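Here is a short briefing on one protein model. Please keep the sequence and the 3D view open while reading.

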Amino acid sequence: MLDESKIAICISGLFRKGCDTSLKNIYKALPYDTFYLHWEGYDKPNVPNCVFVPEPKYDYHCTLDTKTKPDCKIYRSAYRPPNPPHDRGGKMWWKPNYYNNTKECSKQLLAHYYLLNTLPEKYETIVRIRYDLLVSTKVDFRPYLELAQNGVCVGFAGSYQGMRGPEQKLTPHINCNCNNCSSWYMWDNMYFHPRHKFKNVQKFHDEKNLLGAEWGLYQVLCDQWKDRNFLNVWGGVAVLRYLSSLPEEWINL
Ligand SMILES: [Zn+2]
């Protein structure tokens, strides 16, 4: 049985154009106690009781300079060093702006960590959502909330360019070997997790060893606990900038 009184919806990231509208989907799809964090120094988001903290500073590249390396084919493909003259290596070494665009991509983990630290003790089942995400109002997330309540971490993704809205079907990728999957890689557009597993994030950052994006999420929720108790699920969410639909349509998607 899902204990709704212990669920906290934690929203962080950057509040962009369209987020006023997309928040309504979150309230309908996941109608539980909701908390917000935003970095200082930006336009203030239109949300109640927002926590503001200074944006973290980076003097290392989160992935290239970290001691921990993901055991992941997606990582190996992107970060493989060049071997001149015939091998230009992974895209880290030649794709324009890739270095800068990925340097600080563990920042969302710090944001979520800071917000979690402000939550009352009673919240044990945690949902993290970025502001600029459209969450489907047409799918049932409850089975996955129940999994998180029982100790399983669940990551969601599902965006592609030009889509009208989130896919209205949730598809778990179990032991999957598709191009978006790896056993050391947790999808992070939205994720559900037991609160007690989201620990040591500041410590990793202070040690210059906090990985970015999907690798960092796996590092925090699974690798540091030496377990693989997670599930990636495709569908139910879409990042706003990929959408071809109008904001007035979103609530029905
Ligand atoms: Zn897959």
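This is a predicted model: local features need pLDDT of at least 70, side-chain atom pairs count only at pLDDT 80 or more; totals for chains, interfaces and linings use all residues.

Residues are numbered from 1 along each chain as its sequence is written.

**Overall fold**
- The protein has 7 helices and 10 strands (DSSP runs: helices are H or I, at least four residues; strands are E, at least two; numbered from the N terminus).
- Its radius of gyration, taken over C-alpha atoms, is 18 Å, close to the 18 Å of the globule rule for 253 residues, so the protein is as compact as a globular protein of that length. The rule is 2.2 Å times the number of residues to the power 0.38.

**The sheet**
- An open sheet of 8 strands runs in the order β3-β2-β1-β4-β8-β6-β9-β7, with mixed pairing (strands pair if DSSP finds at least two bridges between them).
- β3 (51–53) and β7 (171–173) stand at the edges with a single partner strand each, so one side of each lacks a neighbour in the sheet.
- β4 and β8 (residues 190–194) run antiparallel, joined by 5 bridges.

**I126**
- I126 lies in strand β4 (residues 125–130) and stands opposite H193 in β8.
- I126 is buried, with 25 other C-beta atoms within 10 Å (buried: 20 or more; exposed: 12 or fewer; partly exposed in between; C-beta atoms placed from the backbone).
- I126 and H196 are 70 residues apart in sequence, yet 9.6 Å apart in space, C-alpha to C-alpha.
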